[in-house]
Amino acid sequence: MPGEVRVVVYQAAYGEEQLAAVREAYHQVSERLAKVPGMLGNELLRSPADPSALAVMSRWESMEAFLAWEAGADHRQDTAPLRPFRDTRTAAPFAVYEVDAAY
């Protein structure tokens with residue numbers, strides 16, 4: 001796993017109707033990203049401490065694979081369904097981490 005990359009994009013849903021919309025958008029985005037070279041998978045996470053706070057964590061085989069997709073023409077279109085639900089309470093809308101060690 002060292003060398004793999006995790007990308008966390010912060011989302012927010014206020015109420016059950018928005019939560020359902022985020023889930024639907026997540027599935028749309030996931031179907032598109034499943035075909036992207038270097039994408040290993042992703043998860044929709046929800047905070048038990050703050051049910052309005054969600055995050056999509058994606059796993060990439062390398063920083064190069066993630067950056068190639070991010071620089072590509074399809075990046076913005078691929079993620080468009082989730083963009084309205086970005087969590088504006090966070091200082092940055094996303095974070096990128098390289099796996100340094102794993103068991």
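Contact is taken here to mean heavy atoms within 4.5 Å. The model is predicted, so that local features require pLDDT of at least 70 and side-chain atom pairs count only at pLDDT 80 or more, whereas totals for chains, interfaces and linings use all residues. Residues are numbered from 1 along each chain as its sequence is written, and side-chain values use heavy atoms, with hydrogens and water left out.

By this criterion, L82 touches Q11, V22, A25, Y26, V29 and V56, residues up to four places away in sequence not being counted. L82 is also among the residues with the most contacts inside the largest nonpolar core, together with V7, V22, L33, V36, W60 and W69. This core has 20 residues, a nonpolar core being a set of buried Ala, Val, Leu, Ile, Met, Phe, Trp, Tyr and Cys residues joined through side-chain atoms within 4.5 Å, where buried denotes under 20% relative accessible area (1.4 Å probe, protein chains only). Two or more residues each are given to the core by β1, α1, β3 and α2, and the largest share, 6 residues, comes from α1.

Helices (H or I, at least four residues) and strands (E, at least two) are DSSP runs numbered from the N terminus, and two strands pair if DSSP finds at least two bridges between them. Strand β1 (residues 5-12) pairs with β4 over 5 bridges, and the bridge partner of V8 in β4 is A95.

How values were computed. Buried means under 20% relative accessible area, exposed over 50%, partly exposed in between (1.4 Å probe, protein chains only).
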